[in-house]
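Dear colleague,

My notes on it follow directly after.

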Amino acid sequence: MTQRVDLATMMDRLAIDELVTGYAVAVDDADWHAYRALFTGDGRADYRSSGGIEGSAAEVADWLAETMSIFPVRQHLIVNRRLHIQDLGGYPGDGAELQADYVNPMRMESGDDFLSGGRYTFHVLRTDEGWRLNHVLITEKWRRGTGALADSR
């Protein structure tokens, strides 16, 4: 690889990291317009493992807006990121997959705490607007809470 290819790959890695961080911030801040803008036009998300829905970014944003309203305090922490950028014979391609673990502490309106964890799989594509989410899969592995949502896994 040349230094130019190494630099391009590093810039891609930083842009994808910013995209995934933007995803967490959009959900935590209830910025559903920003959430939708993170996806490609045909982008989809699958929250079924955590009791949610699978659908287009717009459908999922609407569902999240309703569902997350019971959690006025939320903080998605996305860690242990493993990124694989498409390799075109030593050059970075226009697709990538990022797997990352998450811990998601939230507080309900009642004051009860809810905590869950699992793994995200993000499929991302390079577009004219930059890297965008094409598919997001949430695999919830555990949850813990007080009140109505206590230890339902």
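Aspartate 62 and arginine 36 form a salt bridge, with their closest N and O atoms 2.4 Å apart; a salt bridge here is a side-chain nitrogen of Lys or Arg within 4 Å of a carboxyl oxygen of Asp or Glu. The pair links distant parts of the chain, since aspartate 62 lies in helix H3 and arginine 36 in helix H2, 26 residues apart. Helices (H or I, at least four residues) and strands (E, at least two) are DSSP runs, numbered from the N terminus.

This is a predicted model, in which local features need pLDDT of at least 70 and side-chain atom pairs count only at pLDDT 80 or more, while totals for chains, interfaces and linings use all residues. Residues are numbered from 1 along each chain as its sequence is written, and side-chain values use heavy atoms, with hydrogens and water left out.

By the salt-bridge rule, the count comes to nine. Another of them joins arginine 126 to aspartate 12, with 2.9 Å between the closest N and O atoms. Arginine 126 is in strand S6 and aspartate 12 in helix H1, 114 residues apart. Aspartate 12 is buried at 8% relative accessibility, whereas arginine 126 is partly exposed at 32% (buried means under 20% relative accessible area, exposed over 50%, partly exposed in between; 1.4 Å probe, protein chains only).

The largest nonpolar core has 36 residues, of which Tyr23, Tyr35, Phe122, Leu133 and Val136 touch the most other members. Such a core is a set of buried Ala, Val, Leu, Ile, Met, Phe, Trp, Tyr and Cys residues joined through side-chain atoms within 4.5 Å.

Kind regards
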